[in-house]
Structures are given as C-alpha cells and as structure tokens.
Amino acid sequence: MLFYAPDLLASGELPETESQHCIRVLRKQAGDEIDLTDGKGCFYRAQITEVHPKHCRVKILETRPAASRWKNRIEIAIAPTKNIERIEWFAEKAAEIGIDKIIFLKTHYSERKEIKTDRIHKLLIAAIKQSEQARLPEVQEMMDFAVFVRQSFEGQKWIAHCHPGEKPLLSHIYRCNENILTLIGPEGDFSEDEIQLATANGFQSVSLGGNRLRTETAALTVCQTVHILQQLPPNGHA
C-alpha cells in the first residue's frame, strides 16, 4: 500500500484523508512502517510515530528518488465530454499508463464549457498510488483553444481530428526522446478554423487509425501508443 503525502518533508505527517485510511481502515499502529510518495518524484519508507486519524505523524527512514519510467513528457490537451464520467475514466487510466500533464480545452463544438478539476486530481492520486508511481500528473484548468495553441511548447505537437486531408499515422511520425503534446477534440470534432489555427502554430495533423474513436478513447490511444513505441528497440522490432 502506497500513501500520498505531498508535504511530507515539511510537515512530517500524512494528509487527513490518508491518515484516516492508514489508521481507521488499515489499523496501522505506532512503530509500523509504511511506504509513501510525495508525487514529486520520490518514494519514502517511514515509521509511524503518532497515531491519529487526522494527522498521522511519521519519521522518514529512507528516501528513494524515482527514475522516470518513460523517455519524454507526454501532454494531452482534451475537450471534456458532456458525460464527465468518460473524461474521468480517461484521466485515471492515462495516469496508470503514464502521463505528465492533462489540459482541458474549450473549443467551438464543446458541449462542456467548464470543468471542476478537484475530483480529477483525486482520481490521479488514487491512480499513481495503485500503479506505484512517484510523480503526480499535472492538471490544468480549462483554457480557450485559440489561447492554448499559441503557447510555446518544446517538442512534437499533434492534432488528431476526423477531417479529410493528409494525416500520417502517429506511429509513423513519432520521434523517440522528444516531448509530445496532442490536441484531442470534442464529440463534434474540431472546427476547420481550429485545425487551421493549430496548423499555423506548428501542430501536425495525425491519424490514430481507421476507426472513428470517442474523445476519451482517442486520448488514451495516444498515451498508450507512445509508451509502446518507446519500448521498442532501435530497429523497431520487438
């Protein structure tokens, strides 16, 4: 069981929700050892020194910086679906697979114009604990599409859409060891103007295959495809 304590070094204790689970559910006692992460790249082995469901205090016994499990930053900017459960599913599974940042976009055809990220943040915490990761993905509040695509980004920039035109497969143009940022549109797809604006700002149109995918499926496909490509040897054969 991995606990999440973002302020461990400063406070020396677990957050209230983690303390409750540790003491009330798992019935840990003073003297027991537990494993933690700060979500910032480190694992810790610690000993419980004070038992309390609201502020379980611990003493750090060992600090283990965690090496990155993938080669580059993976960022996905996505227009949230009307059904929020679908976007929550994507966030949880992407965190389990491995992602660095999720950005929410307000687009021309967006059915959801705002999103509360508190629950998304909690799902990401649960996901990194379950998959035993030391880094918590960033979540960025909803941004206007036109504002976001004009921001600078060092790496490969893609936009996945269903409009006709030249769209090479993502797997054919991916370059290992470079950061990636992918734009995923809403159920109604990106508008022509949005695609043109993204292209003018350095985004390349890509295909995720012959099937028409739902928003959350497309986003997760990007994430998983990049991880699989990173695992291939230099000659491209497993």
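This is a predicted model: local features need pLDDT of at least 70, side-chain atom pairs count only at pLDDT 80 or more; totals for chains, interfaces and linings use all residues.

Modeller: Residues are numbered from 1 along each chain as its sequence is written, and side-chain values use heavy atoms, leaving out hydrogens and water.

Biologist: Is Gln133 buried or exposed?

Modeller: Gln133 sits in the loop between helix H4 (117-130) and strand E7 (138-144); helices (H or I, at least four residues) and strands (E, at least two) are DSSP runs, numbered from the N terminus. Buried means under 20% relative accessible area, exposed over 50%, and partly exposed in between, with a 1.4 Å probe and protein chains only. Its relative accessibility is 7%, so Gln133 counts as buried.

Biologist: Which side chain does the side chain of Gln133 join in a polar contact of 2.9 Å?

Modeller: A polar contact is a pair of N or O atoms within 3.5 Å; within protein, one must be able to donate a hydrogen and the other to accept it, and residues adjacent in sequence count only if both atoms are side-chain atoms. A polar atom of the Gln133 side chain lies 3.3 Å from the backbone oxygen of Glu96. The side-chain partner at 2.9 Å is Ser131.

Biologist: How are H3 and H4 oriented to each other, and why?

Modeller: Helix H3 (residues 84-97) packs against H4 with axes 8 Å apart, at an angle of about 30°. Axes are lines fitted to C-alpha atoms, for helices over the stretch in contact, and angles run from 0 to 180 degrees between N-to-C directions. Angles under 35 degrees count as roughly parallel, over 145 as roughly antiparallel, 65 to 115 as roughly perpendicular and the rest as oblique. H3 and H4 are therefore roughly parallel.

Biologist: Which strands stand at the edges of the sheet of 6 strands?

Modeller: Two strands pair if DSSP finds at least two bridges between them. This open sheet pairs in parallel, in the order E7-E6-E5-E9-E8-E10. Each edge strand has a single partner, so one side of it is left without a neighbour in the sheet; the edges are E7 and strand E10 (204-206).

Biologist: In the sheet of 4 strands, what is the bridge partner of Ile34 in E3?

Modeller: That open sheet has the order E1-E2-E3-E4 with mixed pairing. Strand E2 (residues 33-37) and strand E3 (residues 42-50) pair in the antiparallel sense over 5 bridges. The partner of Ile34 in E3 is Ala46.
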